[in-house]
Each structure stands twice: as C-alpha cells, then as structure tokens.
Amino acid sequence: MARSEEGAEAGAEGTVAEGGEGVATVEGTGMGGEIDMVMVVDIGELQSWEVLSGIFARIDGKQYPCYKDLVGIYEFPNFKLFVDKIQGDAYAAPSRFRARVDTSKAGFPKECYSPNLDIKLPVKRKAPGDVEKLPPSLYHVRKTALGDYLSRVFYTYQEEARAKGRQRSGGGGWHGEKGGDLRIEVPGQHVIERNSVVVTNDYVEASLFYRSLDSKDLWDHIYSVEDQEFLRESLSAHGLIGFVRNGAILPRASGVSDRPMSNTKDSKVIPFKSPESLMITLPLLHNKSVSGMAIREGITMIVGGGFHGKSTLLQALERGVYNHVPGDGREYVTVIRDTVKIRAEDGRSVNCVDIHSFINNLPMGKNTYAFSTPDASGSTSQAANIQEALEVGATTLLFDEDTCATNFMIRDQRMRMLVEDSKEPITPLISKINSMATEKGISCVLVIGGSGDYFDVANTVIQMDSYLPYDVTKKAKDICKSIQTAPTVTAAARFEHAAPRLPDTSALRRLEGEKVKTFSSIKGAIGKTELDLTYVEQIVESAQTRCILDTIVAFSKYAARAKNLRQALDLLERDFDNMSSTKNISGLDAVSPWITGSYARPRRYEVAAALNRLRGMRFSIGEEKERS
C-alpha cells in the first residue's frame, strides 16, 4: 500500500485501496498561506513518512480494522500524503488518498492558475460609474483549465501503468487478491471545474510536477479554454446567444461516444461552414479571431429534411454551455451560459409550479398557478420545464420537436376549428413565443421539421441540407405572404413568468445524513428515493450527478437563508466560486462533509432540475428576489 516518491513525481504509481478502488485527489499549487480543511473527521497532525512506514510494518498481515490506523497526514520530501479514509472491508467504498505538492516544489508558473486581469470584455453599453470586473467564469478559467489538464495527464499515466502491469486490480473479496488499483475521476470531452485536481493559491494536490509535463501542450490547453470562455462571455455584447465555428466537427462518433466522428471508407465527415449572410468574425485573446455562424437574440428556427443534421446542430449548441478539450471538434461552438434544453417528460413529478401561462382551465378546476402532480403529461411537464428553467435565470431555451409534446408546440387551423380554444386548456408555445422574446427577452432556438406556422414568428430560419446550413429566412417569409393561415396568436398570448418558489426546508432537512448513491451519469439515489435525470440533457459526466446529489443533501443551509430558489442557488454558486480563494480548498467541497475528489461542477440549472424531480420534495411560493 506504499507510494514511492518517484511514483509521485511521475504520476504513474500511487496509493492503492484494499479490496477496491482508490480515489486520488490532486490539488493545485499557489503562492503560500494557511490551509483550512473542510472535513468532519479530523485526520490528525502532520507526521513524517517514517511514521507511516512504521505503521505499515506493524499492521502487516493484520485484520481490516487495523488498517484504519493509516488515517493521517504524512510528509514526504516532495509532497504530503493525506489518508482521508480507509475502507472497512473488502466490499466497502474505496479508500480516499490525496497527494499535495507545495507551489515551490511543483514549479507551475503563477500565470498557469492566476486570473488574466488584462482581459477586457466587449460591452453593449456602460453606465456612468460602472466598474469593469471579470465574471467568475473568466476569473477562475485558468485554474479550471490547469486542473482539468492535470486530471487528464494523471489519468493517462495511471492507464499506462495499469496496461504495463504496474497496478493490480484487486477486489478479490475476503480470500482473493486485495487492492492495487489507483483511480482518478475520468474526464470527458468537456473542461469542467473538478475536485479530482484542485488548484489553489497555495498548492497543487497532484502527483505531477511542471518539469515532467509538456509545457507547450499545457499552455495550448489553457489558452484554448480561456479563448472559449472569453468568446462565450462576449456573445451578448454582439447581440448573440450562440456561435458555431467554421470548420467545427459537430457529429459524434456514436450514440455512446462523445468523441468526434472520423472519416471512414463509407462516410465522410463534413466540417461546418456558415452561410455568408450569417457569418461573423469575433476577436479572441490568444488566437487572433474566429469566424463562424452567428445565432442572434430572438427566435431562431432550424429546419430541413430528416437525417440532414438539424438535431446534430442543436445538440452541439446544447453542449455549448461547456468549453471543450482541444481536438474535440466543437471548440468555439458556444452559447451563453444561461441556456437550457427543454423537452417533454411524461411521468415526472411536478410540485407547486405556476404553468398558467401555457395551461389553464383544467378539468375538475385543478390549480395551474401552483400545479402539482406525481405523473405529469407531456404538455404539463414541458410547461413546467420551461417555467422552472426561467425561474432560476435561464434566458435562452432550446427545443427539438422530436422530444417535445406536439399539442404543446402547435395547434393548426383545422384542429382549432374542430376543438374550440375555449375547450382546449393548452395555449401552445407558438402563441406565446413572440411575447417571450419581445417582452421578456427570452431567446429560443427550435428544431422544427413538421410545421411551417413557426415561420411567422421566427427572426431567422436556418435550413440544414446535407449537414451544411443555409439562411432561408427570406424564403420562409415569402412563403408566409403567399400562403396565408389563421393567426397563431390568441387572446391569451401574453407570456407571464412563474411566481418564484422556495424549497421546503423541512423536506430538505429530512435528507441530511442519508446515504447517496450514483448509478450512472443520469441516475442516483438519496436514501431510498431514486432520482432519474435521464431527460436533464445537459449533464455530461457522472461526477456532476454525484455532486448534484450531495448538493441536494446539503441544500437546506442555502434554502434557509434565501427568499426563493433562485436566491438559494446564488448562495450555492457563491460558495462554489469563492471557497477555493477564501478557504484554500475546492469550492465544490462546500457540499460535502469530507474531501472526495469525485465531483465535477454542475450548473445551477441541473441542480434545480434535480430538486424539481426529486419525489417527496415540496415547494411553496417564495418572495421576489431583491434587486441590487
């Protein structure tokens, strides 16, 4: 169970778990200071590595309980080893270890993780007295990019070590071979804040040294991520909600792989190319500029025949809330961060959501100003999904007709003649979407292949033809003039935001102390209550789901200090953003009683979606958030 000093520098070998997997946490270097650990369990004072060696000698051949004596902090010549938890038996959860390297020894230049304060974002307008400051995403982007890069390098080293037989895969039960397997959270195609590698202003918790890395590759990674974040933060100043780079590779390798599709003998990947009328060139920080297709504020409609790339484009925009690793193909395919994918979700639970803008006059007089059901229909679930997203700050919504409720999206002229509006409780999206855009500033991007009625309300119409986009806005508007249809806007067309809600703190407190399990990137459980996030489509890693579940368990401390759900999420994000700088640890650890190394940061929208889908969760109408 020992870790060699040489293995620590290479990042290939490391501490192992008895009878299971180890979890390596790599924390980041910085400039010096005190360490304030957020842990319920005190793991003791700093001891020398000789003490650890003595413990190994003493417990060799002993029973499992004796291994708990290893918990502690040990100083080696080049790093500190934190043994946070030792598993109790061969079938228990894996042990948790961290290796921390001081800044002076890790050797990372300060510029790798410090904010680039020279960044100047374009702005639409600046009021007198406004103070320019970086948004948290740009302030922390280099630290996030460095941590992400180190996670990937560490993971690569451990896989190489496993392939060479330098790690044994244990888990042989009581009588089988024990231990030997070191694991770090597997990073995907997206660059997300993680706590598997934590970079603070005092240390890097990683068994990696700057001198052992390809410095050019590291800086290329950091600059690419910073450019992508800068581009996203610049969109609104140009009147955009999205951008797709020329040359981007949007298709993925398969339905189970998020890697880019490659050319084969039977198929050729077609790089994205913007139509001239929608082309825009935007400045970057490190690369001079990037050119591609502008998606402007308002209502954008994506049309085209089946299998021509409509949904592929929308899926790329859906993932555009994240930065991508170099070589992914979707670098600089981005949308503003407050973008949420909306769909129907038959069977989900809904609690106290104001959906009256879309659905009213239900049979039996059911209240739609505070609508609750354990088994929502397609239309009621889609209405709830919209209002829940807007409630916590979404400003752009994405729709694909393939996953939407037809009766929620459109009611054509013939159906309205047969079933009068007074008999239909659903006011379809097409009747509200213009009010949403012009009065509330909510932009929408819709994949629509089956109804031309949306031509009337669309500001831009893009046709996908053989995976290439064409601007057909003028043609669509000409069709509207030549083929007149009944007006889609009804007397009830004005859209109203839902009343703000607040989670019931007593319901949340009942979750405290419950055991959390993550089954996959989309499913988990808190105690005996399972949570299915299959249709929350902007979760991209199981580490996000794990963080979401623990956030729900800890959420009562935020709800108790807030007037509504949006304000509670503001407090959560403040902890995520500030904890690393104020307490010298990962902000993600704010929702855990110990340091786990197995979180990736979720967005506020996915945390809210999980709270809204948790059966047994209750909400009440809250208060409007105070405006600062």
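Tutor: We will take a sheet, then a pocket, then a cavity, then a residue. This is a predicted model, where local features need pLDDT of at least 70, side-chain atom pairs count only at pLDDT 80 or more, and totals for chains, interfaces and linings use all residues. Residues are numbered from 1 along each chain as its sequence is written, and side-chain values use heavy atoms, with hydrogens and water left out.

Student: What order do the strands of the open sheet have?

Tutor: Helices (H or I, at least four residues) and strands (E, at least two) are DSSP runs, numbered from the N terminus. Two strands pair if DSSP finds at least two bridges between them. Here, four strands form an open sheet in the order S13-S14-S10-S17, and the pairing is antiparallel. Strand S13 (279-283) and strand S17 (334-335) are the edges, each pairing on one side only.

Student: How many bridges join S10 and S17?

Tutor: Two bridges, in the antiparallel sense; S10 covers residues 240-245. Gly 242 has Val 335 in S17 as its bridge partner.

Student: Which residues lie nearest the centre of the largest pocket?

Tutor: First, the idea. On a 1 Å grid over the protein atoms alone, a pocket is an open set of points with protein on both sides within 12 Å along at least five of seven lines; a cavity is a set where a 1.4 Å probe fits but cannot get out; lining residues have an atom within 4 Å of a point. Now the case: 48 residues line the largest pocket, and Pro 135, Pro 136, Ser 137, Glu 233 and Arg 337 lie nearest its centre. Helix H16 (565-583) is one of the elements that supply at least two lining residues. H16 gives the largest share, seven residues.

Student: Which residues lie nearest the centre of the largest cavity?

Tutor: Val 340, Lys 341, Tyr 605, Ala 609 and Arg 613, among 19 lining residues. H17 gives the largest share of that lining, six residues.

Student: Is Asn 323 buried or exposed?

Tutor: Buried means under 20% relative accessible area, exposed over 50%, partly exposed in between (1.4 Å probe, protein chains only). Asn 323 has 5%, so Asn 323 is buried. Asn 323 sits in strand S16 (residues 323-324).

Student: Which residues is Asn 323 in contact with?

Tutor: Contact means heavy atoms within 4.5 Å. Leaving aside neighbours within four places in sequence, the partners of Asn 323 include Gln 189, His 190, Val 225 and Arg 232.
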